[in-house]
Amino acid sequence: MLDVILDRGRDRSVRRRHPWLMSGAVARILGDEAPGALARVLSNDGEVLGYGHVSPRSSVRVRMISFGKEPVDEAELIAEAIARASALRTPELCGETDGVRLVNAEGDGLPGLVVDRYGDVLVAGVASAGMDRVRPLWSDALRAHVGTDSGLERAHPAAARREGFAARSVPLWGEPAERVVLREREREYVVDLRGGQRTGFYLDRRTARDRVQALAQGRRVLDLFCYSGGFSVAAVHGGARSVTAVDSSETALRLARENIERTGAPIVPAVLRADAFQFVRGCEDLFDLIVIDPPPLARARRDLRKATRAYKDVVLHSLRRAAPGALGLFFGGSHHLDPELLRKVVFGASLDAGRSLQVLEEIGAAPDHPVSLDHPEGRALTGLLTRVVPQR
Ligand code: SAH
């Protein structure tokens with residue numbers, strides 16, 4: 001057994017059930033610290049506090065999978081967590097859709113593992129050495145419990161490098177298709193399971209897509225950082241007057257065009273390849289609904305100043321393109337840009353743009369992306385729905 005012994009006074013976060021044990025809290029390690037190995041975590045005076053997976057190279061040294069003295073049976077623990085997670089995703093919670101997040105890592109008690117379901121295919125992503133080691137356990141449990149025709153793993157190369165395991169993009173069982181059509185309410189999206197971003201689609205924006213669809217009637221919509229057109233398609237279904245979608249990736253735009261065409265609406269969208277930060281500076285059109293959904297601009301706290309400056313800039317310039325009474329839906333793009341900071345940055349942009357803004361609603365990730373209160377870092381998405389107050 002591998003033992004991780006904490007420094008004196010550094011056991012507080014484990015006792016509060018925080019799933020991440022930072023390397024600075026570790027006094028010593030007894031045993032072979034192979035990446036992803038199961039470790040017993042002890043306080044400095046020898047009390048067993050729980051069990052977790054070690055990541056020797058990471059600043060998150062242990063990801064806890066259970067708390068308390070009771071030894072763990074990993075196969076049982078993982079199978080139970082998957083059964084619990086899957087029981088949560090009911091139509092009452094998610095509404096009518098065949099795309100749901102089945103396992104949301106720490107939020108479902110399985111640090112380092114996300115699983116999305118697209119109809120009859122499951123797509124898993126591994127972000128820790130521990131979940132890499134126990135692949136057969138979660139893969140078998142998913143297959144037995146959820147029972148889709150096929151399962152696929154999508155590599156997360158940055159995490160694999162950080163954690164020291166080999167990135168793999170491989171079928172887990174069955175013969176996963178290259179592409180599937182996701183049906184969410186009356187919206188349809190082609191999802192590229194092999195080449196798309198993340199697991200193929202941003203399921204977490206579902207609540208926000210519903211909102212955009214409900215508010216789009218008659219509006220000129222700008223969808224910045226559109227990826228495969230999640231918001232554009234929602235806007236078209238909601239009766240938008242026009243749609244302008246911008247992304248820097250041609251692969252993303254091909255999907256966006258295809259997805260907007262699938263709606264069959266007699267609308268000719270402008271689907272443009274551009275740097276969104278530049279685009280808003282040069283744009284001369286006016287819009288009534290503006291969505292800004294950038295990639296993570298701050299991956300670490302030290303990048304936050306630069307990120308907030310860039311973010312403020314894109315909001316500022318898009319507010320200059322906002323018609324009176326326009327709606328703006330602004331996403332932070334990283335948990336570092338938390339709701340409070342997001343409000344400050346948007347406020348700064350509104351001052352510089354000389355526009356007064358009202359906040360109508362804060363929109364988070366859809367409820368199939370639960371965040372454990374033990375793990376506030378798990379909150380990944382915050383959107384601010386605002387209105388530009390019409391001036392007299
Ligand atoms: N709104 C999308 C998700 C956006 S993810 C949805 O609902 O599905 C962020 C997107 O920003 C990615 O598609 C990425 O290709 C794009 N991107 C990254 N940097 C960009 C830039 N400088 N200008 C325009 N798009 C960019």
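Which helix is Q213 found in? Q213 sits in helix 7, and I'll come back to that residue in a minute.

Quick housekeeping. What you're looking at is a predicted model, where local features need pLDDT of at least 70, side-chain atom pairs count only at pLDDT 80 or more, and totals for chains, interfaces and linings use all residues. Residues are numbered from 1 along each chain as its sequence is written, and side-chain values use heavy atoms, with hydrogens and water left out.

Okay, the whole chain. We've got 12 helices and 20 strands; those are DSSP runs numbered from the N terminus, H or I of at least four residues for helices, E of at least two for strands. The radius of gyration is 22 Å, close to the 21 Å from the globule rule for 392 residues, so the chain is as compact as a globular protein of that length. That radius is taken over C-alpha atoms, and the rule is 2.2 Å times the number of residues to the power 0.38. Of the 392 residues, 53% are buried, meaning under 20% relative accessible area with a 1.4 Å probe, protein chains only; exposed is over 50%, and partly exposed is in between.

Seven strands make an open, mixed sheet, in the order 16-15-14-17-18-20-19. Pairing here needs at least two DSSP bridges between two strands. At the edges you find strand 16 (270-273) and strand 19 (357-364), each with a single partner, so one side of each has no neighbour in the sheet. On average, neighbouring strands are turned by 15 degrees against each other, direction ignored. Strand 18 (322-331) and strand 20 (382-388) pair antiparallel over five bridges, and in strand 20 the bridge partner of L327 is R387.

Two helices lie across these strands. Helix 8 (230-237) lies across strands 14, 15, 17 and 18, at about 175 degrees to strand 15. For those angles, axes are lines fitted to C-alpha atoms, for helices over the stretch in contact, and angles run from 0 to 180 degrees between N-to-C directions.

Back to Q213, then. Is Q213 buried or exposed? Q213 is buried, at 12% relative accessible area. And what does Q213 touch, leaving aside neighbours within four places in sequence? Its contacts are E186, R187, A234, H237 and G238, where contact means heavy atoms within 4.5 Å.
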